[in-house]
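My notebook is open and the coordinates are loaded. Here is what I looked up, entry by entry.

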Amino acid sequence: MLVTNKLSLWFLTGILAVTTLFFNLYIFSTSFSNYKKKKQWSPSETMMVALSLASTAHQLVSYFWMSMDELDSNCVVAQTPYAVLLVITFSLKFTVMWDSSFLTFYYSTKLVSTPNRRYTRFQAAIIHHATLGVLAIPLSGLGTCLPMLVVFHAANDTRDNRDCGVLMPDTTPGKIYEGLYLVVADVLPGILVIKCCISISAHLAVHLRRMKASANGARVPKTGSQMRVIEMALSLVAVFLLFLVVDLYVNYQIAVHHENAITLTLFFISIYTTLSAVLLIYGKKSLWKALIHDVKVCIGACPCLTCLRVPEQKDHLSRSPAKIES
């Protein structure tokens, strides 16, 4: 990666950092405001808040490292602080990945209508232990990433560029650990997300088949509010899998070819955290309506932006709208 490309990635990541912080902090502030009114959070809100906080923390730490790396081109600062920042970044990425898969799994268990008792048990476990789960994930991520400080070695003289405090798996234990880390942090949540995608897609196919059969007098399936959640869940899966492919490729380049592509993976995860936050806001109708309202207020305060005003749309009532917690 050329130095000019690194500078461009740093600039683009900065733009994405603004959008990531805005949307994720919007999720947190709005959810916290609702919590003060209701005095409780639903499991989905707990997971969304945990994901938004993890995404915000990852964005701040990773962009701080990228900025220090650009400013301290000669690596005057000691390498240990840089290495610790990278370990924290990898730990937060672990948290973001598992929080995303945890939330996707929750929606798949809520959407899929099946007499299988496993889903009933899973739903009950998630509902009762959602808070414990979102607390255990970052602790697991930190415990998983701390060995990097021992089994990896500092290498800031990689082939294409020079970064400060980069940890490379250039020994046999380091390569073994790198493989285990990728399995735990990327592959396993990816498998869980794929499984959830199949379940949600099968559920959607069943609903569409029932809708077609409703023309013969059958009862119309309740898809009103479910369709919004289905769209959000499947979009989250698509974005997650796209990022997973890129992340696995970047880590392959690091582990096998010893290329320093960490800046690239930080850029792509910034894209992921931005898109996932937008999708979460869209999927939760109350957040989406609040965002549209706030945007209209801001546009109304600036006469020069009135051309951007979103026209009002009345909700069309369906015969039997379904209600699902999103």
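**Entry 1: cavity linings.** I began with the lining of the largest cavity, which by class has 8 nonpolar, 1 polar and 1 charged residues. For the classes I counted Ala, Val, Leu, Ile, Met, Phe, Trp, Tyr, Cys and Pro as nonpolar, Asp, Glu, Lys and Arg as charged, and the others, Gly among them, as polar. The second largest cavity has a lining of 3 nonpolar, 3 polar and 1 charged residues.

**Entry 2: ground rules.** I am working on a predicted model, where local features need pLDDT of at least 70, side-chain atom pairs count only at pLDDT 80 or more, and totals for chains, interfaces and linings use all residues. I number residues from 1 along each chain as its sequence is written, and side-chain values use heavy atoms, with hydrogens and water left out.

**Entry 3: the cavities themselves.** I searched the whole structure and found 4 cavities of 30 Å³ or more. A cavity here is a set of points, on a 1 Å grid over the protein atoms alone, where a 1.4 Å probe fits but cannot get out; lining residues have an atom within 4 Å of a point. Grid points are joined across faces, edges and corners, and a volume is the space filled by probe spheres set on the points.

The largest cavity has a volume of about 80 Å³. I listed its lining as Phe90, Met148, Phe152, Leu167, Pro169, Glu178, Tyr181, Asn251, Ile254 and Ile262. Helix H6 (172-213) and helix H7 (226-257) are the elements that give two or more residues to that lining.

The second largest cavity holds about 40 Å³ of space. Around this second cavity I noted His58, Thr89, Phe90, Lys93, Thr265, Leu266 and Ile269. Here the elements giving two or more residues are helix H3 (79-111) and helix H8 (262-283).

**Entry 4: the fold.** I counted 9 helices and 2 strands in the protein chain. Helices (H or I, at least four residues) and strands (E, at least two) are DSSP runs, numbered from the N terminus. Along the sequence I read the pattern α-α-α-α-α-β-β-α-α-α-α.

Of the 326 residues of the protein chain, 46% count as buried. I use buried for under 20% relative accessible area, exposed for over 50%, and partly exposed for in between (1.4 Å probe, protein chains only).

**Entry 5: helix H2.** I checked H2 (residues 43-71), whose 29 residues reach 42 Å from first C-alpha to last, close to the 42 Å expected at 1.5 Å a residue. That expected span is 1.5 Å times one less than the number of residues. H2 is mostly covered, with 21 of its 29 residues buried.

**Entry 6: the core.** Which residues touch the most other members of the largest nonpolar core? Met47 and Leu280 do, in a core of 42 residues. A nonpolar core is a set of buried Ala, Val, Leu, Ile, Met, Phe, Trp, Tyr and Cys residues joined through side-chain atoms within 4.5 Å. H7 gives this core its largest share, 10 residues.

**Entry 7: cysteines.** How many disulfides did I find? The count is 0, with a disulfide taken as a pair of cysteine sulfur atoms within 2.5 Å. The sulfur of Cys196 has its closest cysteine sulfur in Cys197, 8.8 Å away, so the two are too far apart for a bond. Cys196 is buried at a relative accessible area of 0%, while Cys197 is partly exposed at 21%.

**Entry 8: Leu180.** Leu180 lies in helix H6 and is exposed, with a relative accessible area of 52%. I also noted 9.6 Å between the C-alpha atoms of Leu180 and Thr144, which are 36 residues apart along the chain.

Technical notes. 1 Å grid on protein atoms, 1.4 Å probe; cavity = no way out; pocket = protein on both sides within 12 Å on 5 of 7 lines; lining within 4 Å.
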